[in-house]
Amino acid sequence: MPDRTIDFGKFGARGVKAHEAVSHQLDQLAGFITSPITTRRGLLARLHYLTRSNHARQAAHTAGLTVTDRTLKAWLQGKRNPTKKNLQRIETAYHTLRRQNVARYLLTRLNRNGQGTRVEIHPLNQSHVPRPHQRTLQHRTLNIRHWNRIIDAWTHTDTQALDNAWINDAATHLGSSWGQYDYVTTIGFAA
């Protein structure tokens with residue numbers, strides 16, 4: 001088995017860690033609110049999402065958004081604006097709750113009753129690597145049948161667990177060249 005990349009980018013290669021690309025793709029599938037939180041529309045959408053039920057309020061509180069009902073009401077009415085620290089807490093709470101709410105749906109869609117989902121792996125960008133140091137890397141596809149650990153790590157925003165789950169549940173199915181795909185340009189799949 002090849003070792004994982006230790007000194008990435010030494011010769012000019014560009015890319016992201018494979019688990020980060022997977023997380024980004026899962027975020028795309030989750031359908032987060034696209035308006036920035038710094039706009040009134042984005043802030044209101046997130047606050048409504050976080051206050052629509054007791055479960056949502058509890059999740060927001062667990063994620064660190066501990067404000068009084070009076071302050072929350074003032075934010076919703078536009079009488080006061082959250083501080084930068086509270087904006088970050090709102091964003092974190094929103095992402096945490098959205099991931100939890102979408103996880104079961106994504107897991108069902110990606111596992112597809114044991115059929116799995118086809119994943120396309122685009123290798124790292126070597127356009128800035130000198131010719132003698134370039135490796136021959138191919139576009140690879142594989143079918144992942146078990147997404148449970150990957151979705152669980154993504155839901156809990158645990159990057160180390162997501163990296164381990166990606167390597168153990170997916171990348172090792174690439175055969176002996178799995179280490180060449182530790183860094184990638186993109187990873188694509190649909191649910």
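**Close-up views of a predicted model**

**View 1. Helix 6 and its buried side.** In helix 6 (residues 148-155), the residues I150, I151, A153, W154 and T155 are buried, where buried means under 20% relative accessible area, exposed means over 50%, and partly exposed is in between (1.4 Å probe, protein chains only). Helices here are DSSP runs of H or I with at least four residues, strands are runs of E with at least two, and both are numbered from the N terminus. What do the buried residues of helix 6 pack against? They pack against helix 1, helix 5 and helix 7, with contact meaning heavy atoms within 4.5 Å. Just after helix 6, T157 takes a positive phi of about 50°.

A quick note before the other views: this is a predicted model, with local features needing pLDDT of at least 70 and side-chain atom pairs counting only at pLDDT 80 or more, while totals for chains, interfaces and linings use all residues. Residues are numbered from 1 along each chain as its sequence is written, and side-chain values use heavy atoms, leaving out hydrogens and water.

**View 2. D182 meets K17.** The structure holds five salt bridges; a salt bridge is a side-chain nitrogen of Lys or Arg within 4 Å of a carboxyl oxygen of Asp or Glu. One of them joins the side chains of D182 and K17, at 3.3 Å from N to O. D182 sits in the loop between helix 7 (159-169) and strand 4 (183-188), and K17 in strand 1 (residues 16-17), so this pair ties together parts 165 residues apart in sequence. D182 counts as buried at 1% relative accessibility, and K17 does too at 16%.

**View 3. D27 meets R99.** Here the closest N and O atoms of the salt bridge are 2.8 Å apart. D27 belongs to helix 1 (residues 18-30) and R99 to helix 5 (residues 84-111), so to speak linking distant parts of the chain, 72 residues apart. Are these two buried or exposed? Both D27 and R99 are buried.

**View 4. R57 meets D69.** In this salt bridge, the closest N and O atoms are 3.9 Å apart. R57 is in helix 3 (residues 54-62) and D69 in helix 4 (residues 69-77), so the pair ties together parts twelve residues apart in sequence. R57 is partly exposed, at 39% relative accessible area, while D69 counts as exposed at 58%.

**View 5. E120 and the residues it touches.** E120 lies in strand 2 (residues 117-123) and is partly exposed, with a relative accessible area of 34%. Leaving aside residues up to four places away in sequence, E120 touches H139, R140, T141, T186, I187 and G188. The C-alpha atoms of E120 and H139 are separated by 7.4 Å.
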